[in-house]
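User: I would like to learn how to read a protein model. Could we take it one feature at a time?

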Amino acid sequence: MSLPTFITRISIAGRNSAGHHFFVALLFWCSVQFIIPSHSLADDFPVVFNNESDSDAEPMPAEQAAASMKLPPGFDATVYASEPDVRNPIAMAWDQRGRMWVAENYTYSDRTQHFDLSLRDRVIVLHDNDGDGRSDTRKVFTDNVQMLTSVETGRGGVWLMCPPQLLFIPDADGDDVPDGAPEVVLDGFTVASANYHNFANGLRWGPDGWLYGRCGHSCPGKLGTPGTPDNQRVPIDGGIWRYHPERKTVEVLNHGTVNPWGHDWDADGELFFINTVIGHLWHSIPGAHFIESFGESPNPLVFERLDMIADHYHYDRTGSWTNSRDGAANDLGGGHAHIGMMIYQSDRWPQQYHNKLFTMNMHGQRANVESIKRQGAGYIASHEPDFLVSKDPFFRGLEISVGPDGDVYVLDWSDTGECHDHTGVHRTSGRIYKVRYRGGKPAQRAFAKPACIAGPGKLPELWRSYQAGTTSPEGLRQLLNDPNEHVRVWAIRLLTDHWPMDTFNGPLADASYPDAPETLAALIRLAREDKSGLVQLALASTLQRLPIDQRMPVAIELVGHEQFADDRDLPLMIWFGLMPMVDQQLDALVEVGKACRLPGTLRWITRGVATKVESDPSALNALIDAATTMPAPLRSSVIEGMSESFRGWLKVEMPNAWPNLLRSSTSTTNTDAVRELNMLFGDGRAIDELREIVKSKGARLKTRQTALRTLIAARPDDLRQVCESLLDERELNATAAEGLSLFDDPAVGERLARTYRRFHPNDRPGLIEILVSRPSFAAALLDRLDAQRDPIPSADINAFHARQIVGLGDDSLREKLTESWGALRDSPADRREKIAEMKSQLSQTILADADLSAGRVLFKKTCSQCHRLFGDGENIGPDLTGSQRSSLEYLLENILDPSAVVGKDHRMTIVLTEDGRVLNGLVVAKNDKTMVIQTQSRKETIPIEDVKQTQETTLSPMPDGLLTSLTEAQVRDLIGYLMHPTQVELK
């Protein structure tokens, strides 16, 4: 293949893979074209170097590090391999000859460079020939790849994850010499320019013969074989994916979490995976949508998402993970970052460790242990005593795996700088430790990948037969009657394994469903009769593999099991399978709703049906009519679903069945929702009632507040008069100001600016935001800055407000801003100069004098509208609790130059409304009726018909000059608080 031809291919693939850079394609061309024999691979391998800030720092000697590990009685750790034989080990795999394959990653760099493509990555093969616990032989299989995150062997070669591509290097004769150049099997695994550590990783063979992998949600991609058009690619937004080598098929099994970096199957073939930040342990349910650290699902019908299965966290959510370093909090587990995972399924170690889940806890420098048990339709995980604690400050466990001998092997990246190597990369070290049970007998269980497929039993025999192609649909349907729930679950999965799955949009219209009629009938019967929650969960998952027009019969049976009404997983999983019916089978979805006995599922069904009220009002009316005879909790679910669906709408025609539902719901607890819906449906009595509640000082404050918000949404003719009458009531004037923001009248702006000091201090930032949303209001604000009468302190105006005033495009306002407040410093040079200046000012001596309580108050005022720290604040921007807050340089770069690197979920959008307002913030949700934007002070829902124009910027909503309005002492206090490892008391 010629260079131009190859680059043309890569360019096409790059466009399908979110535009990976040309120079990466060129370097990759070089790597795949010049595979050379293994005996000379190292001859031209680039010199490996360290680039960390502390060049004198070195890890503890490997033998000493192993000997000093804290382990349970009867265990010890030895060095299987260490530098220079292995360096920067990022992943490992075992082959059928019992040898360890190790992926060494040298291209990963610091946060400024991300990847150093002057270097290359390498795959080596290690083996302990004499059984003394140390590797005796080392081979280099390839050293001509880059951005390598994972390795797996099998199916005639070696599989490498090198984002944005999955590569296969053939080695059919198993001589450890590539038979040819790497083949690009899949592409589209995007490496985001703003986030370089959440990329695709984790290749492992599953019991069903598929190759499984993982991906972080900050690197969303579109997966496909090379050359696949964009509209035929499979989107991934974090989660688990799989690829079938023979069928050339890729599936995304679930979406969400943050950065999964470890997974394994238990003895029953259930897949679990490890994650970072928001929760550490998850059950990989095919078709699931999991929560993320921020943002909404790209699918607007994913109203809620599933959480982790653990009943605990490994750090104090009200404090900082930094408290838990170095074994300081063994009862919690060490921190939020988890990497590598295994479920111990050999027989060499004592019984108490069999089937336990192990994962490496990065900040705790230890191995956490979890016990997993069945609960409801799924699983729950509980914390066991931590297993291993390292005393080496460089210890960075990245992978943990059971070897063929039944002992456990741990990869150590051997570096500092926490999760992101923010201090630079120490590439010249790396270790692999063997953790041995001294009294154990040689492993009797056969080695296999995954471990669950080894040994006797119906399940392992089933998996082996399926991979060998000797199962039949008839035989699998017979297993649906097996007394073991896990056998029934796997019979369901394998019967539908060839059926396509799309967790975003439903199967393709022209998809093939072999043997569908008999299998569908069997699934309907099982959904009706099987009492196992796990079987019900598998059936709910399988809904997403069924043709959309065939989902109703199975779903009707699933939603009738009221014993699962409060289950964590099943109600949502059923809804995920029903979502495409909103657009394609609405009447059938209503029939499922009529049969539903699961309040949560019924609420989401109603919410979905209600989105179609304008095009098909009869569907919602039929569901409301059915609800009149439902038990009270289900009637409430229908009311709640409508209320949630119509939030932000201005008007909806009243469904004919609505009065009947109200008469049957006299004891409903949905008082506010009913009132909102009555008003939305145009009931004049509802408007009058709301007006009276708002004016009544004898009514509960919360009730008045809700009524006022509902009145603002309805926009009656006298709304301005009602809101102006409340400006002297401190408990309500902030909400009243939101109502007045709808009126483009300089007199309104003057009135709001004049009454500024009557607002509670906590509400004043929101009022400032209103005053900078219109030119007519901004003029009134600037006139009041430090005025003699009714002044607004100029210190209350931050750089975000100033930037928004400039963005209004009025030259006179810009001049007035410069005169009364100052000018924005906005060039890169200005920002770099400011960072250097403040770094020199904030010495350790200065920061030691910080008033941390005052800093917490400043955080509450300045940062908490978007960020959470120690469990306090909003979850709009990144949670700061687990960030690199101990680094002053990191803090100053992100505070003073926040737009230098902005992830996809944190880019500011400018919204121009039809009534002339300009809003700056994050769009956190959007559908065809409403847009939800998070500004600095509040979350606002805007009807789409009121949005005139939107513009997504490359800027962060966080202003560059956040510290401009603070005194030197305030900057010291705020930075000191942000860097402090624990929460402090408010004075």
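Analyst: We will go through confidence, a strand, a helix and the aromatic rings, in that order.

User: What is the average pLDDT of the chain, and where does pLDDT stay under 50?

Analyst: This is a predicted model, and pLDDT is the predictor's confidence in each residue, from 0 to 100. Here the chain averages 86, and 88% of the residues score at least 70. Residues 1–42 stay under 50. The model has 60 contacts beyond four places in sequence for that stretch. Residues 506–510 also stay under 50, with 11 such contacts.

User: Next, a strand. Which strands are joined to β14 by bridges?

Analyst: Strand β14 covers residues 239–244. Five bridges join it to strand β11, residues 211–215, and the two run antiparallel. One of the partners to find is G239 in β14, which is bridged to C215. Strand β15, residues 249–252, is also antiparallel to β14, and four bridges join them. There, R242 stands opposite E251 of β15.

User: How many residues lie between the strands in the hairpin of β14 and β15?

Analyst: Four residues lie between them. K248 takes a positive phi in this hairpin, near 55 degrees.

User: Is β14 mostly covered or mostly open?

Analyst: β14 is mostly covered, with six of its six residues buried.

User: Now a helix. How should I think about which way its residues point?

Analyst: An α-helix has 3.6 residues a turn, so residues three or four places apart point the same way. The case here is α6, residues 485–495, which is mostly covered: 10 of its 11 residues are buried. Among them are E485, H486 and R488, along with V487, V489 and W490. A491, I492, L494 and L495 are buried as well.

User: What covers the buried residues of α6?

Analyst: The cover includes strands β21 (366–375) and β22 (378–389). It also includes helices α4 (458–468), α5 (473–478), α7 (516–529) and α8 (533–542).

User: What caps the N-terminal end of α6?

Analyst: N484 does, with a side-chain oxygen 2.8 Å from the backbone nitrogen of H486.

User: Last, the aromatic rings. How is a pair of them described?

Analyst: A pair of aromatic rings is described by the distance of the centres and the angle of the planes. The structure holds 37 aromatic pairs. Take F272 and Y379: their ring centres are 5.2 Å apart and their planes stand at 90 degrees, so the pair is edge-to-face. The pair links distant parts of the chain, since F272 is in strand β17 (residues 271–274) and Y379 is in strand β22, 107 residues apart. F272 is buried, at a relative accessible area of 0%. Y379 is buried too, at 3%.

User: What are the distance and angle for Y313 and Y315?

Analyst: The centres are 6.3 Å apart, with 75 degrees between the planes, and this pair is edge-to-face. Y313 is partly exposed, with a relative accessible area of 26%, whereas Y315 is buried at 9%.

User: Which residues form one aromatic cluster?

Analyst: F75, Y344, W349, Y353, F358, F387 and Y437 form one cluster.

User: Which ring does the charged end of R122 sit over?

Analyst: The charged end of R122 sits over the ring of F45, 4.3 Å from its centre. In another case, R427 lies over the face of F49, at 4.9 Å from the ring centre.

Conventions. Residues are numbered from 1 along each chain as its sequence is written. This is a predicted model: local features need pLDDT of at least 70, side-chain atom pairs count only at pLDDT 80 or more; totals for chains, interfaces and linings use all residues. Side-chain values use heavy atoms; hydrogens and water are left out. Buried means under 20% relative accessible area, exposed over 50%, partly exposed in between (1.4 Å probe, protein chains only). Two strands pair if DSSP finds at least two bridges between them. Contact means heavy atoms within 4.5 Å. A polar contact is a pair of N or O atoms within 3.5 Å; within protein, one must be able to donate a hydrogen and the other to accept it, and residues adjacent in sequence count only if both atoms are side-chain atoms. Rings of Phe, Tyr and Trp (its six-membered ring) pair if their centres lie within 6.5 Å; planes under 30 degrees apart count as stacked, over 60 as edge-to-face and the rest as tilted. A charge sits over a ring if NZ of Lys or CZ of Arg is within 6 Å of the ring centre and within 35 degrees of the ring normal.
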